[in-house]
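Reader: Can we go through this one slowly? I'm new to reading structures.

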Amino acid sequence: MRLSLQQKEQFFHEMGELLRSGQSLSQALDVLARSRNARLNQVAQALRNATVDTAALAFDSVAAFTAIDVELVAGGESSGRLADAMSFLAEYYGRLARLRSRVVLSVLYPAFLLHFGALVLALPALVEDGPAAFGRQVLFFLGGAYALFGGAWLLFRGIAALAARSAPLDAFLQGLPLVGPARVSLAANRFCLVMAMLVKSS
């Protein structure tokens, strides 16, 4: 069971608003369990059916939520500011969703150029050898490009996973253009989010 960034933003926003209106956690989950959004419905039902004593343990038992979600819910629960914790998480996932959208938009133009270039470079094959040769050349070019980018992405994901346990690798990633500043900004965002919640709960 997974939620997209937009779905997580919606879930935490609605939970925060319901809790702020005076409803208990179980009542808020009952409302979301009747949501028209199937994913939110499933997550709310899983939380409502969790046989645990605290909200933090309930969130920890559902795979859709991460460690930072659980920690902030735990902090909000212990301080009596669970609605604030939900609002913090809604804002956090909203920022992540907007960042991802900007990244996707910035990639669209290079992707268009890549496909347009593949078509232009294969035009001589179309003129000389016909549509079959044209199609083969386009597919060969794009297949090679996809394989290259896919391999680079898997390599980066592997290095990023190892960087969590290796200071030299983490320093290497932080030194990369665009990637490094983005990772630092996201880490700082998470740190400030948790600190703000802890300060409010003290």
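Author: Start with Asn41, which touches Leu32, Ala33, Arg34 and Ser35, leaving out residues up to four places away in sequence; contact means heavy atoms within 4.5 Å. This is a predicted model, where local features need pLDDT of at least 70, side-chain atom pairs count only at pLDDT 80 or more, and totals for chains, interfaces and linings use all residues. Residues are numbered from 1 along each chain as its sequence is written, and side-chain values use heavy atoms, with hydrogens and water left out.

Reader: Which helix is Asn41 in? And does Asn41 count as buried or exposed?

Author: Asn41 lies in helix H3. Helices are DSSP runs of H or I with at least four residues, numbered from the N terminus. Asn41 counts as buried because its relative accessibility is 17%. Buried means under 20% relative accessible area, exposed over 50%, and partly exposed in between, with a 1.4 Å probe and protein chains only.

Reader: OK, new topic. Which residues touch the most other members of the largest nonpolar core?

Author: Phe11, Phe12, Leu47, Phe59, Phe65, Met86 and Tyr93, out of 35 residues in that core. A nonpolar core is a set of buried Ala, Val, Leu, Ile, Met, Phe, Trp, Tyr and Cys residues joined through side-chain atoms within 4.5 Å.

Reader: Which element gives the largest share of this core?

Author: H6, with 9 residues.

Reader: What does Phe11 touch?

Author: Leu29, Leu32, Leu40, Val43, Leu47, Phe59 and Phe65, again not counting residues up to four places away in sequence.

Reader: Now helix packing. At what angle do H1 and H6 pack?

Author: About 155°, with their axes 8 Å apart. Axes are lines fitted to C-alpha atoms, for helices over the stretch in contact, and angles run from 0 to 180 degrees between N-to-C directions. The angle therefore makes H1 roughly antiparallel to H6. Angles under 35 degrees count as roughly parallel, over 145 as roughly antiparallel, 65 to 115 as roughly perpendicular, and the rest as oblique.

Reader: And how do H8 and H9 cross?

Author: Their axes come within 8 Å and cross at roughly 130°, so H8 and H9 are oblique to each other.

Reader: Which residues meet there?

Author: Phe156, Ile159, Ala160, Leu162 and Ala163 in H8 meet Leu169, Asp170 and Leu173 in H9.

Notes. Helices (H or I, at least four residues) and strands (E, at least two) are DSSP runs, numbered from the N terminus.
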